[in-house]
Amino acid sequence: MMKYIEEFRDAAMAIALARTIGHEIEPGRTYRLMEFCGGHTHAIYRYGLPRLLPEAIKMLHGPGCPVCVLPIARVDQAIELARLPKVILCSYGDTLRVPGSGRRTLLQAKADGADVRMVYSIDHAVTLASQQPERAVIFFAIGFETTTPPTALAILRAQTLGLKNFFVFCNHLLTPAALDALLAAPPDQGSWIDGFIGPAHVSTVIGTAAYRQIALRYQKPIVIAGFEPLDLLQAILMLVRQLNNRRCAVENQYHRVVQDSGNRLAQDYMAQVFCQRDTFEWRGLGKIADSALAIRPEFADFDAERRFPLPERPSREHPGCACPAVLRGQLDPANCKLFAVTCTPANPLGACMVSAEGACAAVYAYGRQPIRMPL
Ligand code: SF4
């Protein structure tokens with residue numbers, strides 16, 4: 001059994017796995033596999049897997065990068081919140097760099113005088129609120145099921161402390177609903193996907209059972225995978241074998257971490273504090289029913305949307321930015337005409353170039369030498 005991280009990066013084993021994949025693909029067949037999670041996209045390019053895999057394997061990059069799928073209207077609203085008097089707006093570093101309408105960002109709002117602060121944990125925002133009772137501290141919460149339990153715990157902690165000045169601008173998303181929406185889309189928008197590499201961190205919370213209905217309904221295999229190169233290659237081999245055998249099961253390559261039922265304690269905290277929104281707009285995927293969370297009425301005192309109601313204003317994508325197509329796996333980032341020309345990590349024009357988990361940023365950092373390894 002492998003115990004150390006270096007063992008999951010063993011080059012000889014990676015080449016052997018890639019050869020096995022090559023031997024098992026059916027002649028003339030293309031396998032269009034989407035990795036949902038931006039962490040997987042990053043790992044795929046960081047470890048050069050596209051150069052190792054046979055051409056029959058087409059890796060499509062999915063919408064599982066939290067800052068990438070944040071709709072522009074919500075970024076615009078966060079900027080408006082930050083500009084309110086006596087407000088401190090806190091969030092994670094990448095969130096502050098996501099362009100809203102007219103390429104405005106929270107960092108620019110900070111430069112213009114708004115009190116915007118980067119935090120490493122939502123707990124820092126709770127502590128800040130307890131230290132500055134005369135200011136309203138708003139946490140701009142984003143992310144999938146991985147970052148949702150800490151937000152739930154922070155709201156419970158704020159309640160225990162009796163804080164009246166801590167608020168959450170909630171943008172937490174639900175992964176299975178996005179998978180469902182991708183597969184339900186017409187063929188030109190998503191249903192050409194043959195199988196999924198399922199997310200790792202999200203699955204530690206929701207478990208593998210959460211995907212079973214989707215795999216059955218759309219007859220698509222899903223393999224939950226870890227982040228190391230051997231994890232990903234093994235998951236690709238498991239998908240190829242399922243597709244060759246006309247199977248559509250949910251399999252768990254990452255069983256050293258992910259369990260079938262997930263983390264029940266984390267799920268309980270989420271259910272205690274959040275409820276489902278009827279619908280939510282995802283950048284690139286449009287409005288998806290039951291795909292996001294709102295703060296329950298019992299915790300309304302901590303809900304920034306209730307305390308500081310903001311109108312939804314029309315938002316504007318940067319003209320020429322192809323993020324929506326990239327997020328649906330329809331366009332390779334390098335084929336966006338702005339990629340590495342005017343759009344770079346230092347000067348991102350779209351959200352997919354901001355975070356290391358964004359497909360455009362991953363291809364920019366690691367994926368610009370399309371040389372295949374001789375196997
Ligand atoms: Fe958007 Fe930049 Fe990616 Fe093009 S390269 S899709 S402009 S983020």
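A cavity is a set of points on a 1 Å grid over the protein atoms alone, where a 1.4 Å probe fits but cannot get out. Its lining residues have an atom within 4 Å of a point. Grid points are joined across faces, edges and corners, and a volume is the space filled by probe spheres set on the points.

This is a predicted model: local features need pLDDT of at least 70, side-chain atom pairs count only at pLDDT 80 or more, and totals for chains, interfaces and linings use all residues. Residues are numbered from 1 along each chain as its sequence is written, and side-chain values use heavy atoms, with hydrogens and water left out.

**Stop 1: the domains**

Select 72-172 together with 263-307. That is domain 1. Now select 323-367 for domain 2. These bounds come from an automatic or database domain assignment. The two centres, taken over C-alpha atoms, are 25 Å apart.

**Stop 2: where the domains meet**

Show the contacts (heavy atoms within 4.5 Å). Here 8 residues of domain 1 touch 12 residues of domain 2. The pair buries about 880 Å², with 56% of that on carbon and sulfur atoms. Buried area is the accessible area (1.4 Å probe) that two parts lose on being put together, summed over both.

Select Arg97, Arg103 and Arg283 next. Within domain 1 these lose the most area to domain 2, together 53% of what that side buries. The domain 1 side that touches domain 2 has 3 nonpolar, 1 polar and 4 charged residues. In this scheme Ala, Val, Leu, Ile, Met, Phe, Trp, Tyr, Cys and Pro are nonpolar, Asp, Glu, Lys and Arg are charged, and the others, Gly among them, are polar.

How many salt bridges are there between domain 1 and domain 2? The count is 0, taking a side-chain nitrogen of Lys or Arg within 4 Å of a carboxyl oxygen of Asp or Glu.

**Stop 3: the largest cavity**

The model has 2 cavities of 30 Å³ or more. The largest has a volume of about 90 Å³. Select its lining, including Cys321, Cys323, Cys336, Cys343 and Cys360. By class, the lining has 10 nonpolar, 1 polar and no charged residues.

**Stop 4: the second largest cavity**

This one holds about 40 Å³. Select Gly62, Cys65, Cys68 and Glu357, which are among its lining residues. The lining divides into 5 nonpolar, 2 polar and 1 charged.

Notes. 1 Å grid on protein atoms, 1.4 Å probe; cavity = no way out; pocket = protein on both sides within 12 Å on 5 of 7 lines; lining within 4 Å.
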